[in-house]
Amino acid sequence: MYNINKDLANIFKKMAAIYEFLDDRFRAMAYQRAAHIIEDLPDDVRNYILTGKLYSIKGIGPSIASKIEEYVNTGKIQKYEELKKKVPEDFIELVDLPGFGPKTLKRIHDELGISTKEELIKALKDGRIEQLPGFGPKKVENMLKGLQMYELSKRRILLWEALEISRYLVDKLKKNLKEIKDIEVVGSVRRRKETIGDLDILVIAEDKDRTKIMDYFTSLPEISQILVKGPKKSSVVMKFEGKERQVDLRIFRKDEWGAALQYFTGSKQHNVHLREIAKEKGLKINEYGVYKADTEEKIAGETEESVYNAVGMDWIPPELREDRGEIEAALQHKLPELVELKDIKGDMHVHSTWSDGVNEIKDIAEFVKKRYGYEYIVITDHSKSQRVARGLDEERILKEIEEVKILNKMMGWDFIKIGTEVDILLDGSLDFPDEILSKLDWVVASVHSHFNRDNTDRIIKAMENPYVNVIGHPTGRLIGLREAYPVDMDAVIKKAKETGTALEINAQPRRLDINDIWIRKAVEEGVKLVISTDSHNLGNFAFMEIGVAQARRGWATKKDILNTKSWKEIQKFVEDKRKRLGGVLQKR
Ligand SMILES: [Zn+2]
Ligand SMILES: [Zn+2]
């Protein structure tokens with residue numbers, strides 16, 4: 001089901017910003033809090049309404065609860081519509097960007113009389129904003145950069161969002177149209193690229209059913225504009241979570257299905273290369289099939305395998321179709337056997353209420369064991385430098401270790417492992433002494449500060465510590481919000497290999513860090529990787545799926561990924577590094 005909680009959280013964040021703009025601190029805080037609570041709810045708000053529990057959600061007052069009901073029933077919140085009229089329209093759009101925020105925008109509005117995005121960009125460029133007290137060239141530069149990234153991200157959405165929308169549409173079409181024999185979302189969604197432009201859906205149906213399918217598709221309630229409506233192809237613009245997306249639906253016959261899937265999955269470069277090879281073999285490929293060039297005789301097309309096989313290659317997993325050597329490998333029958341979601345045995349980067357997570361360790365453990373059937377999870381709360389995230393000091397982490405021992409005893413086996421996400425400090429030292437780190441099962445070390453400097457030296461130094469097992473989100477990028485900090489990843493990969501440290505593939509939709517290119521490089525160098533969700537609430541564990549997809553895009557096999565292994569093997573990885581770099585082994 002498509003996630004209405006996120007829509008509501010976004011609206012409440014905007015309302016909070018407007019109240020802040022209007023100097024109503026109290027309401028601003030109440031809405032801000034409500035937004036966070038709704039974002040972290042384990043279940044759809046509609047289910048809370050159905051079970052009569054909406055009004056008992058902690059932290060949500062009756063006035064906000066009634067607005068949730070109003071939104072579920074009418075698709076609108078009257079109060080929000082009224083509030084929007086009290087602030088410049090463009091500001092509502094800009095208020096979530098880093099470096100902007102209601103206070104900044106209010107000052108620019110009050111002191112320079114600016115109320116549109118166009119005027120704002122002009123004032124950023126001509127120096128008027130720079131001259132305001134407390135601004136200066138650095139801040140202005142960051143604001144301009146933020147705006148630029150925002151404009152880019154408006155055109156593309158995150159893979160996770162695209163998958164949610166895709167699944168919602170596929171379910172709806174399948175459920176309501178028995179005429180659809182098969183359905184698949186193709187394009188960059190199927191290749192699991194980290195960001196997605198338009199959505200392309202293909203279906204199989206008989207010719208006589210085309211009109212009915214297109215009539216239904218072009219009357220979906222999310223549609224804001226119909227671009228083309230035809231019997232074989234329709235294009236519409238749909239609105240999800242405030243963002244407009246173009247969605248195309250194409251209908252094919254059963255005997256064309258494989259060729260159509262292959263053609264519309266792309267990438268463009270992959271298809272160009274494939275067609276060149278087909279041509280050399282006297283064949284012709286289009287979206288309906290594979291044909292002999294001279295006689296036009298159709299020789300394949302019903303399945304994707306048949307299309308690739310006809311050209312003399314193995315079927316290529318969609319995640320690899322970027323023309324980065326996969327075609328050559330498929331011709332030589334040497335494609336890697338990519339890691340799969342079912343290979344994952346545990347999640348090794350998880351936050352609980354001990355720092356900035358929403359759930360207690362016990363609830364996390366029970367949920368994960370039941371839902372995912374993992375063999376272990378590692379709780380890795382923040383260390384003390386992360387004050388906003390309620391990072392742990394030495395005394396509290398020792399208490400957390402004790403709590404985990406008790407919980408494991410209650411559960412009857414050592415399901416929960418205790419670790420930390422320790423901050424890498426400015427000089428590359430760590431936020432916990434070795435004395436503490438040596439007591440832990442697993443140590444994630446991450447950079448959370450000083451994003452403007454070259455951070456290679458800090459990360460290298462952290463890897464030299466015998467107790468650091470993996471570098472968390474190694475490049476620090478946030479897709480669409482913040483670029484990676486300067487870091488020499490070749491040097492990091494080399495050091496990881498030398499010290500026996502793993503690198504993380506952080507599965508948070510905005511991170512997917514490291515990216516496919518670096519994953520492939522790490523795999524080639526024999527560096528181990530860990531796919532982690534960095535979960536802060538129970539819903540986040542589902543991100544493992546896109547972490548695995550990112551690993552597949554980087555040609556990673558099961559053996560490259562540490563958390564496909566048993567805990568015994570992971571312990572050996574930890575102990576090997578400690579032995580090699582002179583650390584003490586854990587007493588258990
Ligand atoms: Zn982190
Ligand atoms: Zn984390």
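Figure 1. Lys342 is exposed, at 67% relative accessibility, whereas Asp343 is buried, at 11% (buried, under 20% relative accessible area; exposed, over 50%; partly exposed, in between; 1.4 Å probe, protein chains only). The two form a salt bridge with their closest N and O atoms 3.8 Å apart (salt bridge, a side-chain nitrogen of Lys or Arg within 4 Å of a carboxyl oxygen of Asp or Glu). The model is predicted: local features need pLDDT of at least 70 and side-chain atom pairs count only at pLDDT 80 or more, while totals for chains, interfaces and linings use all residues. Residues are numbered from 1 along each chain as its sequence is written, chains are lettered from A and ligands numbered from 1 in the order in which they are written, and side-chain values use heavy atoms, with hydrogens and water left out.

**Figure 2. Salt bridge between Glu322 and Arg191.** The side chains of Glu322 and Arg191 meet at 2.9 Å, N to O. Glu322 lies in the loop between helix H15 (304-310) and helix H16 (326-331) and Arg191 in the loop between helix H11 (187-190) and strand S3 (195-196), so the pair ties together parts 131 residues apart in sequence (helices, H or I, at least four residues, and strands, E, at least two, are DSSP runs numbered from the N terminus). Glu322 is buried, with a relative accessible area of 13%, and Arg191 is buried at 8%. Arg191 and Glu322 are linked with Arg324, Asp516 and Arg553 in a network of salt bridges.

**Figure 3. Aromatic pair Phe12 and Tyr31.** The structure holds 15 aromatic pairs (ring centres of Phe, Tyr and Trp, its six-membered ring, within 6.5 Å; planes under 30 degrees apart stacked, over 60 edge-to-face, the rest tilted). The ring centres of Phe12 and Tyr31 are 5.5 Å apart and the planes lie at 65°, so this pair is edge-to-face. Phe12 is in helix H1 (residues 4-21) and Tyr31 in helix H2 (residues 25-40), 19 residues apart. Phe12 is buried, with a relative accessible area of 0%; Tyr31 is buried at 4%.

**Figure 4. Strands S16 and S17.** Strand S16 (residues 502-506) runs parallel to S17 and is joined to S17 by four bridges (strands pair if DSSP finds at least two bridges between them). Asn506 has Ser532 of S17 as its bridge partner. Both faces of S17 (residues 529-532) are covered, with Leu529 and Ile531 buried on one side and Val530 and Ser532 on the other.
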